[in-house]
Amino acid sequence: MNATIYWPIEHAPESDRERAIREAAKQIRAGGIVAFPTETVYGLGADARNTRAVERIYAAKGRPSDNPLIVHIADRSQLDGLVRPYGETAGRLMERFWPGPLTLVLPAVPGAVSPRVTGGLTTIAVRMPAHQTALALIAAAGTPIAAPSANRSGRPSPTRAEHVRDDLDGKIDGLLDDGPAGIGLESTVVEVDGDKVTVLRPGGITLDDLRRITPEVALDPSLERAKEGPAGTDGDSGTASQPTLLTPRSPGMKYAHYAPRGEMILVTGRSEQDVVIAVQSRIDAAARRGETTGVLTYAEHASLYQADHIVICGSLLDPAASAQSLYEALRQFDRRGVTYIVAEGCPEEGLGLALMNRLRKASAGRVVRV
Ligand code: TXA
Ligand code: MG
């Protein structure tokens, strides 16, 4: 394959932006794979109907083949032919949150997209991103675009074009560089059954946002279980993630994800003081073992720690800022060669639910509760 084409459009005049988007759309129509910005994270897109193109996404990412992709549309009329008739609640969610960071899992029209997109499921995950460049690309391609996050599988999702370049340079046909993504965490994935909404992956749209549309909102049991335990799982004792008893409904949630290269431990607890003490004691022990240590914390607590590298992930008072910073913060540890990271948890409210979900995944289940 030829070298990756870069289209730096963030500060480009409108005519150059339009030309770049047209060229990127042409690549997609021709079976290419192109990274593009959305309001959540950068995606790696292909024509959802083109099996060979979709297979190239899996190959570039090194993604397990049973993990299905989200299909991105620019207009609700594109749902015709993609999904079977859906209920009133699903319609209300689209009305309220599209374009936006909500992915709906709906019954698929058989054969509507490549079977490699749906991973053999009878459902299809669909979203309409709230990002002008993404919407223009999908419209110009004239086809629904299947797109996972544009990172190597297992790595933190890309919130900046440089992250995509670091992971996928030379493996993809093009990259529309339009500056930082907005929210910084992936979309909320929900399944809708009649009036019942089940959150399969927490994300940019919070539980409270969803409850304003319908009262019947629940977390998938595998997510509830992750919130509660496994108690005492600690990196110091060498235990990795415990096998999940309940299989998550969203296949992607069962894989280790978002992980920096160093070993990462997550510390949570009700008392901020206890958490800070537990974080520092693990850092001290790691430093004695000769590790290059790092703490992932919030602006308010940064001065309380002593470690080789202290990386600030937004503020405890501003979860939206933490969401924007998280993946860049995790990648910073890699760039600085940190081998042992202790991350401080945050309250699981609002966006904090999605943040903690990603922190647990990044720490591969090595969670310490104090
Ligand atoms: O914000 C986002 O959603 C980003 C941007 C690029 O749109 N995309 C993204 O895609 O995060 P990806 O592939 O990294 O995550 C897709 C998630 C996975 O957990 C996958 O298992 C789940 O959606 N998923 C896809 N199709 C599904 C289906 N039919 N049923 C249940 N879960 C599904
Ligand atoms: Mg992903």
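Select C346 and show its sulfur: the closest cysteine sulfur is 8.0 Å away, in C313, which is too far for a bond. A disulfide here means a pair of cysteine sulfur atoms within 2.5 Å, and a search of the whole structure turns up zero of them. C346 is buried at a relative accessible area of 13%, and C313 is buried too, at 2%. For the cut-offs: buried is under 20% relative accessible area, exposed is over 50%, and partly exposed is in between, using a 1.4 Å probe and protein chains only.

Before the next stop, some ground rules. This is a predicted model, where local features need pLDDT of at least 70 and side-chain atom pairs count only at pLDDT 80 or more, while totals for chains, interfaces and linings use all residues. Residues are numbered from 1 along each chain as its sequence is written, chains are lettered from A and ligands numbered from 1 in the order in which they are written, and side-chain values use heavy atoms, with hydrogens and water left out.

Now colour by pLDDT, the predictor's confidence in each residue on a scale from 0 to 100. The mean for the protein is 92, and 92% of its residues reach 70 or more. Select residues 231-245 next: the pLDDT there is below 50, yet beyond near neighbours in sequence the stretch has 27 contacts in the model. A contact means heavy atoms within 4.5 Å.

Zoom out and switch to cartoon. You have 11 helices and 16 strands, taken as DSSP runs numbered from the N terminus (helices are H or I with at least four residues, strands are E with at least two). What is the order of the 11 strands in the open sheet? It goes 1-8-2-3-7-4-6-5-9-10-11, with mixed pairing. Two strands pair if DSSP finds at least two bridges between them. At the edges, each pairing on one side only, are strand 1 (5-8) and strand 11 (217-219).

Click A35 in strand 2. On one side, its bridge partner in strand 8 is L175; strand 2 (residues 34-36) and strand 8 (residues 174-177) run parallel, joined by two bridges. On the other side, A35 stands opposite L44 in strand 3. Strands 2 and 3 are antiparallel, with three bridges, and form a hairpin with six residues between them.

Stay with strand 3 (residues 43-47), where five of its five residues are buried. Its antiparallel pairing with strand 7 (residues 145-146) covers two bridges, and A46 stands opposite A146 there.

Next, select helix 3 (residues 88-97), which lies across strand 5 (102-107), strand 9 (188-193) and strand 10 (196-201), at about 155° to strand 5. Axes are lines fitted to C-alpha atoms, for helices over the stretch in contact, and angles run from 0 to 180 degrees between N-to-C directions.

Is S363 buried or exposed? It is buried, at 0% relative accessibility. S363 sits in the loop between helix 11 (352-362) and strand 16 (367-369). Leaving out residues up to four places away in sequence, S363 touches M264, I265 and L266.

Last stop, the whole protein: its C-alpha trace spans about 55 × 45 × 35 Å along the principal axes, and buried residues make up 56% of the 370 residues.
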